[in-house]
Amino acid sequence: MAGLNLSAVSDDEDDADRDDRPVLSAAAVAAASRSTLRPPSLQTLLEDVPDSAAVPHTSSSGGDSEGKSKSADKSSRSRKLKHDVIEAVNELIQDINTCHEQIAEQAVEHIHQNEVILTLGSSRTVLEFLCAAKEKKRSFRVFVAEGAPRYQGHLLAKELVARGLQTTLITDSAVFAMISRVNMVIVGAHAVMANGGVIAPVGLNMVALAAQKHAVPFVVLAGSHKLCPLYPHNPEVLLNELRSPSELLDFGEFSDCMDFGSGNGAPLLHVVNPTFDYVPPKLVSLFITDTGGHNPSYMYRLIADYYSADDLVVQRRPTSGN
Amino acid sequence: MGAQKKGATARVSEDPEELARHPLQAILLADSFTTKFRPITLERPKVLLPLANIPMIDYTLAWLESAGVEEVFVFCCAHSKQVIDYLESSDWSSQPNFLVATIESHNSISAGDALRLIYERHVIHGDFVLISGDTVSNMSLTQALQEHKERRKKDANAIMTMVVKQSKPSPITQQSRLGTDELFMAINPDTKQLLCYEDKAEYSKGFISLDKTLIADNPSTVLHNDKQDCYIDICSEEVLSLFTDNFDYQHLRRHFVKGLLVDDIMGYKIFTHEIHSSYAARIDNFRSYDTISKDIIQRWTYPFVPDVLCGNSAIRVERRGTYRASEITLSRSAQIGPFIVIGQGTEIGNDTKISHSVIGEGCTIGSNVTIEGSYIWNNVTIEDGCELRHAIVCDGVTMKSGAVLEPGVVLSFKVVVGQQFVVPAYSMVSLLQQPTQQDSDEELEYADSSSGNVELPSKLNGDITSDLSETRHGPTSELGTGGVGYIWSIFEGGHDEEWRHSVAPIPTDKLAKIMLDKDEDEELLTQDGNVLSPSGELKSDSDANDSEDGDNEGSRDDYVSFEKEVEATFLRAVHENVKVDHVILEVNALRLSYNMASVDCAGAIFYSMMKLAVESPHSSSSELHRNAADVITTWQNLLKSFLHDIDEEIEVILKFEEICLESAKEFSPLFAQILHLLYDKDILEEDAILRWADEKEGADESDKVFVQRAEKFLQWLREAEEEED
């Protein structure tokens, strides 16, 4: 714990730290939020750390600080801190587990009788959302774009059929042709940016553009753990994860194209296999989160409820450095 | 990590007892027991060489960890201290649920020795993964392991599963991608049992031989030339004890695999597991180093790519596959091409052009430098105006301004290249003197006091190979003014072969040559690639293979050697007065063993007779005629016994023509006379001669020379015939 050093930096200078640390801080925040007025920070929580000399007191008039009782029993305080963090993490885990249900509860408000819904790839949230509408005796049809090159749409189609939904599987490239028959596009997301943009599985930007062209609502389902306090104006945030070309090509068949021994040693064949697309906020009609439906322009507010600016950068620094 | 845990728990639930007793183990050989990476490996072990700026062993360990292996025994021999130090200082020593233990040895000279030593330590319990530290893969072991275990349950002799991968069935791809020879494997398509493994094969001979019993025992066999050996093996404990029992096994493939395949007493079996979408390859030489580096940069090995392996945002991938570490100084006018890796703290000057290269950490690269397809390791200084094409430059090298590296150059640690000096193509340059040649094959990449030597090249020079150094130039002059290092001469394979294993692209003329060879072998290849059909046709098929081979190239050779044998037999008969009957028997035996027709026998005997006639002393053509007449009279019975029908007689005449044209030109004036003689002796029938003349009617002018020579005789024959009518 001592090695963890927290500092408040505005998110422009922010590293694209999209792993679990911001999530952790969100959890801690959620635990502490009851006793504070302004958005609390993980730092508030940690102010009671016994060796607090290592932690800079840069901001936040922590509500639950125990004042000047420095001589108080160290172990009891650290136990309380530990307890708080564990509780917060458990709460977060529970939140993540129940967010699908909470989102799915809203399904009937959005899916109407005899509608055609289009989705791409596979997302558990989308699956449960659609099934919830089905359980409420809504009858509707689903178009599933297969989501090349990982073809998770195939799995989704299988699941949907198993639950008795009328499903049509289409290729990704047929999306534009089919969109005019679609009433609503419902997709999942990998992350929701602070400006309301979405990092989503590859191919979704194309779907969003097609939906816009035909004025079809483009709805994104995202649990609140998918919210991300970063803005995409920093290009590094949008850096994609490039996966193995073997998802596109069979290496054995194409090994002669990757032949570096002949010619000038430069391969003529390049394969790019990005994992994500960035869908700008203006293409998104509605976000459905576990707290209800929101406009893209409102997302920054939602995120501010969960993240404190103080916690945005959690970096590992040498302890001596402070 | 997540995937790994899932895999592990899945297996636990399937087979809880077995797994509770034995965590999955792996043996990682951190020594390749070859010398292909010399001179670099004299100073640093191969597994610590950087591959896209990350030591090779990290790729292997990361893969093992992700594949669910829990205990890895790293066997170090050459430079063992360096390997151990590296592992201790790296994260690998402190991973939970992933134990990396080292086993050190100083006198192992082969993989066989290594495995024998590990057997003595009694550390392996149950199945293990055998891999060398230079293998890069992202395959999932779960399925292969499961197959292996199921087979083991059914058949205790199934002791090994070998991972193979499909590649293009073309020798040119094999050569140009990995620099390895073509590989033939015979696999039973139903059971996936490996039946035959031939690496560089008797391929030069144009055929490989399969044991007949092998074909008889297996209802179907597929002979593959499109499989690539990944050098990842899943072995059972018995493998180790087998190595101990057969103390002469050294090489894993050459001795162990082939030994098991040939040995049918113990009945041990090897199976294969083919991977399709995942990647696996072994760095065997500089060419595969180049290819695999590029595959990694193109992300075929995902998730084992530099940006993921380095962890938190130390390296980022940008557009067009540029991997950039965080703190690099790059001039605005520098042109950075696609697919390059630049390590931390590197400075690149104005107007420098870099493409398809890997540049390590802390390098200083000046202005107007051209770097193309090269691998530059850490802390290298390249001054202004240098040019590097397809070279490998190790740590601490300095290139003074204007120096040029031609394709295929390897500069080992801390070499200094002088100003304006051009290092010729395919040179190996090192501070260490080239060791005198030993038996190159099983030699170690081993120098006892590795790092100390680097500082003292002159001392080394003095005591080890003083004779050698005197005949060559001093270290300074060899690399231009101010240069330090020795240019090694090439022994292995000689100059013709140096392009094979180098990082430089294969020169076009060599490519054309491989292509040509390939075309010649095309027919054979397609035959070999065929699926041999089940049982009945099988034998005939393989026989047909042999005889067709004969038709193509073999037949000429076979016929020539047959002819020689016949001639030898005949001469012996002449000198030792062997009876004609015996000679006939002997020639018949030869005919059977060489699989020749009786037509060929007649031709060969006639040839031997004529040769005898020519070789016996003669001064004029009339004397030669007499000699020939003598020989023919003496041995007419022998010749007659092989002339059963008219075709064979015609063959003799044709043979005679050939002799006159090629081997013994002295006969050509005597053609008609000897023909007459043969007719007189009843060796040749009138019909045969006339038929020969008729056949020649339609031939070219040049072919008809002898017909014209014999015209008189022919006319006489025709007239005689008419008279009889």
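Me: Helices (H or I, at least four residues) and strands (E, at least two) are DSSP runs, numbered from the N terminus. What pLDDT do local features need in this predicted model?

Reply: This is a predicted model, in which totals for chains, interfaces and linings use all residues, side-chain atom pairs count only at pLDDT 80 or more, and local features need at least 70.

Me: In what order do the three strands of the open sheet stand?

Reply: Two strands pair if DSSP finds at least two bridges between them. The edge strands, each pairing on one side only, are β6 (191–192) and β9 (276–279) of chain A. The pairing is antiparallel, and the order in chain A is β6-β7-β9.

Me: Which residue takes a positive phi in the hairpin of β6(A) and β7(A)?

Reply: Two bridges join these antiparallel strands, β6(A) and β7(A). Five residues lie between them, and the one with a positive phi, near 95°, is Gly196(A).

Me: At about what angle does helix α8 of chain A run to β9(A)?

Reply: Axes are lines fitted to C-alpha atoms, for helices over the stretch in contact (heavy atoms within 4.5 Å), and angles run from 0 to 180 degrees between N-to-C directions. Helix α8 (residues 204–213) lies across β7 and β9 of chain A, and its angle to β9(A) is about 35°.

Technical notes: Residues numbered from 1 in each chain as written. Chains lettered and ligands numbered in written order. Heavy atoms only, no water.
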